[in-house]
Amino acid sequence: MAPATTSPSAPAKSALLGGLAGLDAAVSLRLHALFLPVPRLLLKALEVAGDGRIWLPVPISLLLLSASPANASGAVSPLLAGLVVGLVIDLAFVGLVKVVVRRPRPAYNAKDMYVAVAADHWSFPSGHSSRAFLVAAFLAGGGFQPGEALFLWAAATSASRVLLGRHYVLDVVAGAFLGVFEAWLSNLLLRFMCAQNTFLVC
């Protein structure tokens with residue numbers, strides 16, 4: 001992995017976002033400057049808490065462990081399976097939209113950000129935001145309590161992306177809506193798998 005700000009060959013702004021990109025950039029820069037006194041360590045902690053390098057391997061590892069012969073019951077948690085499905089969907093959707101829209105990250109994005117894949121050079125939508133709202137909406141819909149705390153974490157994680165200079169406001173708003181949609185889609189697929197009498201014990 002290598003540190004990155006914006007893609008070196010990136011245009012000034014994404015043509016797909018049109019004139020809205022300029023207004024969004026101005027508002028985002030204003031918010032970034034206004035909240036500079038917020039401790040960067042706190043914002044970085046939120047960044048790590050929403051990182052896909054945590055949220056993908058951990059649920060997948062837990063799912064594999066629950067499906068292993070070492071699990072005496074042989075039951076696989078439907079909530080865990082649905083979450084893994086949602087995270088994979090999120091990875092695909094966000095990556096696809098990023099390479100299609102190709103919006104550069106803010107020029108003031110610090111050089112302490114690391115990218116895992118080439119698509120991470122692009123800004124729209126925010127993968128942290130989509131992932132956080134996917135997790136919050138899916139777990140809250142599955143009965144995890146307190147649901148309000150999940151959405152508070154998701155909102156704080158999304159806001160930190162703008163305050164850190166990683167994203168514009170429109171990036172995180174789009175990511176939040178995408179994450180909620182992915183949670184709905186994951187629940188739909190989970191109900192289908194349960195109805196088909198798969199390996200899940202629903």
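**Helix packing and a loop residue**

Author: The crossing of H5 and H8 is right-handed. Bear in mind that this is a predicted model.

Reader: At what angle do H5 and H8 pack, and how far apart are their axes?

Author: Helix H5 (residues 78–101) and helix H8 (residues 169–195) pack at about 135°, and their axes are 9 Å apart.

Reader: Which residues make the contact?

Author: From H5, they include Pro 78, Gly 82, Val 85, Ile 89 and Phe 93. H8 contributes, among them, Leu 178, Phe 181, Leu 185, Leu 189 and Met 193.

Reader: How do the residues of that contact divide into nonpolar, polar and charged?

Author: The contact of H5 with H8 has 11 nonpolar, 3 polar and 2 charged residues.

Reader: Switching to H2. Which residues are buried there?

Author: In H2, residues 40–49, the buried ones are Leu 43, Leu 46 and Glu 47. Viewed down the axis of H2, they fall within an arc of 105°, so they line one face of the helix.

Reader: And what do the buried residues of H2 pack against?

Author: Against helix H6 (127–141) and helix H7 (147–163).

Reader: Now Leu 36. Buried or exposed?

Author: Leu 36 counts as exposed because its relative accessibility is 56%, and the cut-off for exposed is over 50%. Leu 36 sits in the loop between helix H1 (20–34) and H2.

Reader: How far is the C-alpha atom of Leu 36 from that of Leu 163?

Author: The two C-alpha atoms are separated by 7.3 Å, although the residues are 127 apart along the chain.

Definitions and conventions: Residues numbered from 1 in each chain as written. Predicted model: local features only at pLDDT ≥ 70, side-chain atom pairs only at ≥ 80, totals over all residues. Heavy atoms only, no water. Buried < 20%, exposed > 50% of the residue type's maximum accessible area, 1.4 Å probe, protein only. Helix = DSSP H or I, 4+ residues; strand = E, 2+ residues; numbered from the N terminus. Arc of directions from axis to C-beta. Contact = heavy atoms within 4.5 Å. Axes fitted to C-alpha atoms, helices over the stretch in contact; angles between N-to-C directions. Left-handed = near helix turned anticlockwise from the far one by under 90°. Nonpolar A, V, L, I, M, F, W, Y, C, P; charged D, E, K, R; others polar.
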